[in-house]
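Dear colleague,

Please find below the structure that I am handing over to you. My findings follow it.

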Amino acid sequence: MALNLAHQIGTLAGTQIPTEVTTGEQPSSAMASASAVWKSPAANIRCKTPNEMLSPPMLTPPLSPRSGANRSPFMSPMLRPDLSVACQAYATLAPLETAEDEEVSAVAWKEGGRKEEKKGVPVYVMMPLDSVTYGNTVNRKKAMNASLHALKSAGVEGIMIDVWWGLVEREAPGAYNWGGYAELLEMAKKHGLKVQAVMSFHQCGGNVGDSCTIPLPKWVTEEIDKDPDLAYTDQWGRRNYEYVSLGCDNIPALKGRTPVQCYADFMRAFRDNFKHLLGDTIVEIQVGMGPAGELRYPSYPEENGTWKFPGIGAFQCYDKYMLSSLKAAAEAAGKPEWGSTGPTDAGHYNNWPEDTPFFKKECGGWNSPYGEFFLSWYSQMLLEHGERILSSATPIFEGAGVKISVKVAGIHWHYGTRSHAPELTAGYYNTRHRDGYLPIAQMLARHGAVFNFTCIEMRDHEQPQDALCAPEKLVRQVALATAAAQVPLAGENALPRYDEYAHEQILQASSLNIDGSSDDREMCAFTYLRMNPSLFQPENWRGFVTFVKKMNEGKGAHRCSEQVEREAEHFVHITQPFVQEAAVALMH
């Protein structure tokens, strides 16, 4: 960076801030690391907890700015008061971590997702879906820069960026335009943030939280228009353009290439273009495998009101490629009559399980020999899809110093029923009698991939009980499956939440304290959804800074909540100018 932090803050304030350099010292242009910023204020902080017991989480009043006795020589009498607090704090920071210090504190992984050294769960923040424009530039560059500065200052480990297939390879096969991403990744590097890069081979638009529309590449949708069976299809003939049907994974239907080849070529081009950032700035590649980037079928599309929560969804196996596979599987099982179609009595998108003969609890088709055959085939097709893509991705990024991850949807509604209908239509063969997440975890373990799961912030009682929602029980089941398969587990919140109640649930879930037998196992990372103006509102930002602090300390930390809250409040003051700029810039 060309300017040190005092200069940057002065620029924000419109006031020149002089710097003092003692003899033999060089002015530093580096940004303070999160660990340096998190050093406790010098003041004596005492925890009012009887018998040294931990106090329950509580928010404490904001700390007052430092007194004049501690005034920094960096301060100008003309500087705005809010900025002077930040300048003063930065002028008194502890020394920066050296590269050697960072190497010592790095996280090393054992088999099964256990950490060898550093405790705590690193927090990443999802960037806006439209961070890169159709013109292949960074969207709202000023806001992005201020936001990244604020996030880094808060102790965030890094950011998650969707790398959209529909933007990069939009015009022609093999013609990649990385323009906006190159700039955005360099911005992340400048601010000292790590990056989880999502290979987003799906359409943006039509799902929960989608704030913009980014279709598949133009030449891909042209091929789907010529052959509609390249799109997922339901029993009523509705085509879904969110993601190319896995039924044609090995069909050279996209200008002479198979979909899997297209995905592999895209990832290879990404690797080659950003090899100088892999392992240092880019630390994780999340491989998109379906709608919303998740390993699942598009069984609950919100577009045009097709599906509404908490409907059971619908099977997506009626394109000719899927039906061809079903026919072959039925013949191999000696039941050719089962191969002409999927279940015809499974209801509609917005039915509930008991509305349908196939999903009802008593004598439902799901629990019949035909149901077991169909659901095994349907879920196996999804697993094989994951295998094919990971078999391509793993060698591409081998030796690059990055983790590979796969996102799995947190389908918690109707979890308390016997059939678990919404999970079945999405491709997860999970019922009261069968674990549908262990096979997924085992598949990921074979490729050394991270199991990324959603709905970590939810509690059972917050959800509609008539729909038998059980997100906490679902997260527990997934945690047990990943432990059994010895695969690292990472988490995300499914919906935006800024309240302490949700933060505490994430802290609890990420600690993986299951039946008191989790030992040192924690989630390997948590990705917070999402960076937007609401995050930078004063109360939300205060809660977020505290949350990140607690996540970074991990479950082994034995410090009272009051001390953590006070340190967080101290840091809220420090980051105030960057947060203000980010909030204002993101609104425009």
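The largest nonpolar core of this predicted model has 156 residues, and those with the most contacts inside it are Leu151, Phe270, Ile282, Phe451 and Trp541. A nonpolar core here is a set of buried Ala, Val, Leu, Ile, Met, Phe, Trp, Tyr and Cys residues joined through side-chain atoms within 4.5 Å; buried means under 20% relative accessible area, exposed over 50%, and partly exposed in between, with a 1.4 Å probe and protein chains only. The most is given to this core by helix α11 (residues 369–397), with 14 residues. Apart from this core lies another, of six residues, including Val283, Val450, Ala490 and Cys524.

Residues are numbered from 1 along each chain as its sequence is written. Because the model is predicted, local features need pLDDT of at least 70 and side-chain atom pairs count only at pLDDT 80 or more, while totals for chains, interfaces and linings use all residues; side-chain values use heavy atoms, with hydrogens and water left out.

Phe270 touches Val163, Trp178, Ala197, Met199, Leu278, Ile282, Ile285 and Phe397, leaving aside residues up to four places away in sequence. A contact means heavy atoms within 4.5 Å.

For the chain as a whole, the secondary structure comes to 17 helices and 10 strands; these are DSSP runs, helices being H or I of at least four residues and strands E of at least two, numbered from the N terminus. Of the 588 residues in the chain, 57% are buried. Among contacts between residues at least 6 apart in sequence, 77% join residues at least 24 apart.

The second largest pocket holds about 950 Å³ of space. A pocket is an open set of points, on a 1 Å grid over the protein atoms alone, where a 1.4 Å probe fits, with protein on both sides within 12 Å along at least five of seven lines; lining residues have an atom within 4 Å of a point. This pocket is lined by 47 residues, of which Val208, Gly209, Ala494, Leu529 and Arg530 are the closest to its centre. Strand β2 (158–164) and strand β3 (194–200) each supply at least two residues of the lining, and β2 gives the most, with three.

Lastly, Asp280 is placed in the loop between α9 (259–273) and β6 (282–287). Asp280 is partly exposed, with a relative accessible area of 41%. The C-alpha atoms of Asp280 and Lys189 are separated by 8.7 Å, although the two residues are 91 apart along the chain.

With kind regards

Technical notes
Points joined across faces, edges and corners; volume = space filled by probe spheres on them.
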